[in-house]
Amino acid sequence: MARVLHPVNAQLDDHLPTDHKLGQVYRVGAGLTGLLLVVFGILGLVNQIGFFDTGGDTVLALNTNGALSVLSICIGALLIYGMVVGGTFASTLNIVLGVLFIASGFVNLALLDTELNFLAFKIQNVLFSFVVGVMLMWFGMYGRVGSALPHDNPYWRARHPEQAAREDRARRVQGRAPVTPVMHGRCP
């Protein structure tokens, strides 16, 4: 059962101190993207475009209809909620929605000239979906995923607790008894 729930042995750690500076990156990413989507959705609804109209109405150079406007407002509101909550929740939300935006771009790319294109997507919407998806993933993964995270990073420390404890002990020892630098081949 554990293999079904976690098919890959990779997971994002849930540890982030509430006052950590990475939380601001996650909040800004979620908030700005959420605000952009809410504005886009409101402008689409203000224009009174039909709910499933595919007539080519545009807002902010993107094709839209009532359904896409409502969906944009809902996702934007969710991102703004993530901004308010902050921390690991905002980071995870950014990552998940980023992946969904990229997947939506591919699905809607396949549906462009079909009757199933009920969100009235055009190529500019697909490109926007890809850009927003990558941007959200970048904001969500910043300082959380990578091979060169600094050792004071809370995510690195959560993944390497033994080494973090050794480094903390070494720092405490160095703080009590300063280490004299060794000068090879020279006299002080």
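Student: Where do I start? How many helices and strands are there in the chain?

Tutor: Start with a count of the elements. This predicted model has seven helices and two strands. Then read their order along the sequence. Here the pattern is α-α-β-β-α-α-α-α-α.

Student: What share of the residues of the chain count as buried?

Tutor: Of the 188 residues, 34% count as buried. Look at the contacts too. Take those between residues at least 6 apart in sequence: 66% of them join residues at least 24 apart.

Student: What is found at the start of H3, and what follows H3?

Tutor: At the start, look at Asn65. A side-chain oxygen of Asn65 comes to within 3.2 Å of the backbone nitrogen of Ala67. After H3 comes Gly86, and its phi is positive, near 75°.

Student: Which residues of H3 are buried?

Tutor: First, the general idea. An α-helix has 3.6 residues a turn, so residues three or four places apart point the same way. Now the case. The buried residues of H3 are Gly66, Ala67, Leu68, Ser69, Ser72, Gly76, Leu79 and Gly82. Their cover includes H2, strand S2 (62-63), H4 and H5.

Student: What about pockets? How much space lies in the largest pocket?

Tutor: Ask for its volume, then its lining. The largest pocket holds about 280 Å³ of space. Its lining has 17 residues, and Leu68, Leu71, Phe101, Ser104 and Phe121 lie nearest the centre. Helices H2 (22-46), H3 (66-85), H4 (87-110) and H5 (123-141) each give two or more residues to that lining.

Student: Which helix gives the largest share of the lining?

Tutor: H4 does, with five residues. Next, sort the lining by residue type. There are 12 nonpolar residues, five polar and no charged.

Student: One last residue. Where is Glu167 placed, and is Glu167 buried or exposed?

Tutor: Glu167 sits in helix H7, residues 161-176. To judge burial, compare the relative accessible area with the cut-off: buried means under 20%. Glu167 has 19%, so Glu167 counts as buried.

Student: What is Glu167 in contact with, leaving aside its neighbours within four places in sequence?

Tutor: With those neighbours set aside, Glu167 is in contact with His151 and Trp156.

Methods:
Residues are numbered from 1 along each chain as its sequence is written. This is a predicted model: local features need pLDDT of at least 70, side-chain atom pairs count only at pLDDT 80 or more; totals for chains, interfaces and linings use all residues. Side-chain values use heavy atoms; hydrogens and water are left out. On a 1 Å grid over the protein atoms alone, a cavity is a set of points where a 1.4 Å probe fits but cannot get out, and a pocket is an open set with protein on both sides within 12 Å along at least five of seven lines; lining residues have an atom within 4 Å of a point. Grid points are joined across faces, edges and corners, and a volume is the space filled by probe spheres set on the points. Helices (H or I, at least four residues) and strands (E, at least two) are DSSP runs, numbered from the N terminus. Ala, Val, Leu, Ile, Met, Phe, Trp, Tyr, Cys and Pro count as nonpolar, Asp, Glu, Lys and Arg as charged, and the others, Gly among them, as polar. Buried means under 20% relative accessible area, exposed over 50%, partly exposed in between (1.4 Å probe, protein chains only). Contact means heavy atoms within 4.5 Å. A polar contact is a pair of N or O atoms within 3.5 Å; within protein, one must be able to donate a hydrogen and the other to accept it, and residues adjacent in sequence count only if both atoms are side-chain atoms.
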